[in-house]
Amino acid sequence: MVISKIWIEDGCTACGLCEEICPEVFKVEDVATVIQGVNYGEYEEKIKEAATSCPVEVIRYIE
Amino acid sequence: MNKLKTTYMGIEMNNPIIIGASNLVTNTDTLKKAEEFGAGAIVYKSLFEEQIQLESFQLDEKMTEFNDLYAEMVQIHPNIEHAGPDEHLLNIRKAKESLTIPLIASLNAVNDDTWLKYARLISQTGVDGIELNFYQIPLDFDKSAKEIEDRQINILKEIRQNISIPVSVKLSPDYSNILNFIKKLDETGADAFVLFNSFFQPDIDIINEKHIRTSHFSNIGDYKKSLRHAGLLFENIKADICSSLGIFSGEDVVKLILSGASCVQVVSTIYKNGLPQIYNIKRELEEWMDIKNYKSIDDFRGKLSRNRLSGDPFVYKRAQYVDLLLNSDAVFKVEGTSRISSPED
């Protein structure tokens, strides 16, 4: 299964962990955002790791 | 008067809350924000042996030697573009210049030469102190505990003899007799002990039958081992005690200081609650001190340490499990029954 959609739910603490793990897909300023226009399939493992590592578990994705 | 003021290895701090070494505090903006929210001090992200080896072009096979993951590391093999020790040292210097609160550097080396060389270089950046991360994942069946401890004592000795800024040692609890080891490090000249660091632990996905990475954040309540050791060490060593691991709230900070800590390090709670948590912890600590009418941290620091205990003298010695068993009839008594269960059931 390929990741087709990623989004960030409310509650991001802007810790920056997702951007450290997968800067190709996540950018953190005031809160984390998902960079659009990226082929998520190329970074699937890193996206999943970012979601698992998120301390407040706000990263969601659909496969 | 600032009643939260404290001293840690000779460094004056406005309060006892230190942001521990992590990727949280690497860029100047975040460092400034942490200061604005009231951090007492910051430990800058560690310089790792891996970064140094990368710079020395000794990457390849050598990298596998460093797969003992330390919880502060996000990736095993750091991004080569931004991982060089020279850049790290420059960033420490910039961070120090941008802050008014104390900045402590952190070193996580492997080779003896690296420890001394980079401790020296770090001390020249203007930081207020340096934290040495000693740990050894048990992988070698032939190496004795004494060999490991002697080597770490020698590393501290060398560094102590060659740099003048305060030096703390961050330890894991996994030593045969950590009190004896700390005593030796104390005699060697450590200015403080940070108790404890945490590590990644492996886990297994049973569906796919492979190892998986797990969350490396500490959890609420994980501070209890740190509390026990602060209580055992207070007034038995010259060095200060900085408690770390699983400290989430002002209430936790109060408990650690009552046990004997001079200050605490927080990381996971900041990841989970954001930088404003520093302010919340400070406020909770201050409110508790007001209720109890304490005018300074020293008024209650170590009040419940082993040396000062007037009540149960065995509280730090006893495994509470045994205590529960001995008193199980009373502890587990429920209406209509004399005993429903004990930890052994």
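This is a predicted model: local features need pLDDT of at least 70, side-chain atom pairs count only at pLDDT 80 or more; totals for chains, interfaces and linings use all residues.
Trainee: Where should I start? How many helices and strands does chain A have?

Mentor: Chain A has two helices and four strands. Read from the N terminus, their order is β-α-β-β-α-β.

Trainee: What share of the residues in chain A is buried?

Mentor: Buried residues account for 30% of the 63 residues in chain A. As for contacts, of those in chain A between residues at least 6 apart in sequence, 59% join residues at least 24 apart.

Trainee: How many residues of chain B are in contact with chain A?

Mentor: Ten residues of chain B are in contact with eleven residues of chain A. On the chain B side, four of the touching residues are nonpolar, four are polar and two are charged.

Trainee: Which way do the residues of β6(B) point?

Mentor: B:Leu103, B:Ala105 and B:Leu107 point one way, while B:Ile104, B:Ser106 and B:Asn108 point the other way, and all are buried. In a regular strand, side chains alternate between the two faces of the sheet.

Trainee: Which strands pair with β6(B)?

Mentor: Strand β4 of chain B, residues 41–43, pairs with β6(B) in the parallel sense over two bridges, and B:Val43 stands opposite B:Ile104 there. Strand β5 of chain B, residues 47–48, also pairs with β6(B) in the parallel sense over two bridges; here B:Phe48 has B:Asn108 as its bridge partner. Strand β7 of chain B, residues 129–133, runs parallel to β6(B) and is joined to it by four bridges, with B:Leu107 opposite B:Leu132. Between β6(B) and β7(B) the chain passes through helix α5, residues 112–123, in a right-handed β-α-β crossover.

Trainee: Is β8(B) buried or exposed?

Mentor: Five of the five residues of β8(B), residues 167–171, are buried, so this strand is largely enclosed by the rest of the structure. B:Val167, B:Val169 and B:Leu171 point one way, and B:Ser168 and B:Lys170 the other.

Trainee: How many bridges join β8(B) to β9(B)?

Mentor: Four bridges join these parallel strands, and B:Val169 stands opposite B:Phe193. Helix α7, residues 178–188, lies in the right-handed β-α-β unit that β8(B) and β9(B) make with it.

Trainee: Which residues touch the most other members of the largest nonpolar core?

Mentor: They are B:Ile42 and B:Phe193, in a core of 93 residues. Leaving aside residues up to four places away in sequence, B:Ile42 touches B:Ile18, B:Ile19, B:Val25, B:Leu31, B:Ala34, B:Ile101 and B:Leu103. In soluble globular proteins, nonpolar side chains tend to be buried together.

Trainee: Now the loops. Why does B:Ala39 count as buried?

Mentor: B:Ala39 has 27 C-beta neighbours inside 10 Å, so it counts as buried, and 20 or more is the cut-off. B:Ala39 is in the loop between α1 and β4 of chain B. Among the residues that B:Ala39 touches are B:Ile17, B:Ile101 and B:Ile278.

Trainee: Which peptide bond is cis?

Mentor: The one joining B:Leu195 and B:Phe196 is cis, with omega about 10°. B:Phe196 is in the loop between β9 and β10 of chain B.

Trainee: What is the phi of B:Glu209, and where is that residue?

Mentor: B:Glu209 has a positive phi of about 50° although it is not a glycine. B:Glu209 is in the loop between β10 and β11 of chain B and counts as exposed because it has 7 C-beta neighbours inside 10 Å.

Technical notes:
Residues are numbered from 1 along each chain as its sequence is written. Chains are lettered from A and ligands numbered from 1 in the order in which they are written. A residue is buried if 20 or more other C-beta atoms lie within 10 Å of its own, exposed if 12 or fewer, and partly exposed in between; C-beta atoms are placed from the backbone. Two residues are in contact if their C-beta atoms, placed from the backbone, lie within 7 Å. Two strands pair if DSSP finds at least two bridges between them. A crossover is right-handed if, with the strands pointing away from the viewer, the path from the first strand over the helix to the second runs clockwise. Ala, Val, Leu, Ile, Met, Phe, Trp, Tyr, Cys and Pro count as nonpolar, Asp, Glu, Lys and Arg as charged, and the others, Gly among them, as polar. A nonpolar core is a set of buried Ala, Val, Leu, Ile, Met, Phe, Trp, Tyr and Cys residues joined through C-beta atoms within 7 Å.
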